[in-house]
Amino acid sequence: MLTPPDPLPYRHVLTLPATGRAVRVARETTEQVLEEWGVAAWEPCRDPALLILSELVANSVRHAAALSPQVTVVFAGGPDTFAFGVHDRHPYRPALFASAGIAPGRGLATVMELTRGLGGRAVVRGDADEGGKSIWVTLPLRRGLR
């Protein structure tokens with residue numbers, strides 16, 4: 001279902017009902033995870049990561065809730081990497097790299113602009129049964145984790 005793109009030593013999983021409240025809870029959890037893992041407030045990827053995650057969870061709630069009553073966020077981290085995946089059970093897989101020109105909203109375009117600007121990467125991975133997908137974002141950390 002939801003495996004990080006690279007093996008990283010730190011992990012945290014959050015599963016929430018696919019409601020509007022999920023965005024706030026996922027963002028607050030991300031802040032806690034980053035703090036627990038020693039990612040400082042001045043880390044360049046910290047605030048953009050919060051915005052990226054919020055956009056991805058909001059998209060799952062907005063576009064997938066009818067088929068996916070839950071959204072799952074998996075966080076993974078290492079000394080120089082912070083990654084997170086947002087999973088839902090809707091089969092549609094957005095084209096991340098085409099989103100800047102064709103997306104009806106700006107959410108995925110913003111995700112891609114921020115991710116690329118930080119030197120990160122994003123991928124969409126389908127579930128083995130093709131019944132859902134995860135969008136994984138991997139961002140470099142400048143100072144690393146404690």
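Five salt bridges were identified in a search of the whole structure, which is a predicted model. Side chains of opposite charge can pair when their charged atoms come close.

Within helix α1, which spans residues 21-36, Glu28 and Arg24 are four residues apart, or about one turn of the helix. Their side chains form a salt bridge with an N to O distance of 3.3 Å.

A second salt bridge joins Asp88 to Lys133, with 2.7 Å between the closest N and O atoms. This pair connects distant parts of the chain, since Asp88 belongs to strand β3 (residues 81-88) and Lys133 to strand β5 (residues 133-140), at a separation of 45 residues. Asp88 has a relative accessible area of 4% and is therefore buried, the cut-off for this class being under 20%. Lys133 is also buried, with a value of 7%.

A further salt bridge is formed by the side chains of Asp127 and Arg89, at 2.5 Å from N to O. Asp127 is located in the loop between β4 (121-126) and β5, and Arg89 in the loop between β3 and α3 (99-102), so this contact ties together parts of the chain that lie 38 residues apart in sequence. The two partners fall into separate accessibility classes: Asp127 is buried at 5% relative accessibility, whereas Arg89 is partly exposed at 34%. Arg89 and Asp127 also belong to a network, into which Asp129 is joined through salt bridges that share partners.

With regard to the overall fold, the chain contains four helices and five strands. Along the sequence, these elements follow the order β-α-α-β-β-α-α-β-β. The chain comprises 146 residues, of which 52% are classed as buried. Among contacts in the chain with a separation of 6 or more, 70% involve residues 24 or more positions apart. The pairs Asp88 with Lys133, 45 residues apart, and Asp127 with Arg89, 38 residues apart, can be read alongside this figure. The accessible surface of the chain amounts to about 7,300 Å², and carbon and sulfur atoms contribute 54% of that area.

Methods:
Residues numbered from 1 in each chain as written. Predicted model: local features only at pLDDT ≥ 70, side-chain atom pairs only at ≥ 80, totals over all residues. Heavy atoms only, no water. Salt bridge = Lys/Arg side-chain N within 4 Å of Asp/Glu carboxyl O. Helix = DSSP H or I, 4+ residues; strand = E, 2+ residues; numbered from the N terminus. Buried < 20%, exposed > 50% of the residue type's maximum accessible area, 1.4 Å probe, protein only. Contact = heavy atoms within 4.5 Å. Areas by Shrake-Rupley, 256 points an atom, 1.4 Å probe, with all protein chains shown as cover.
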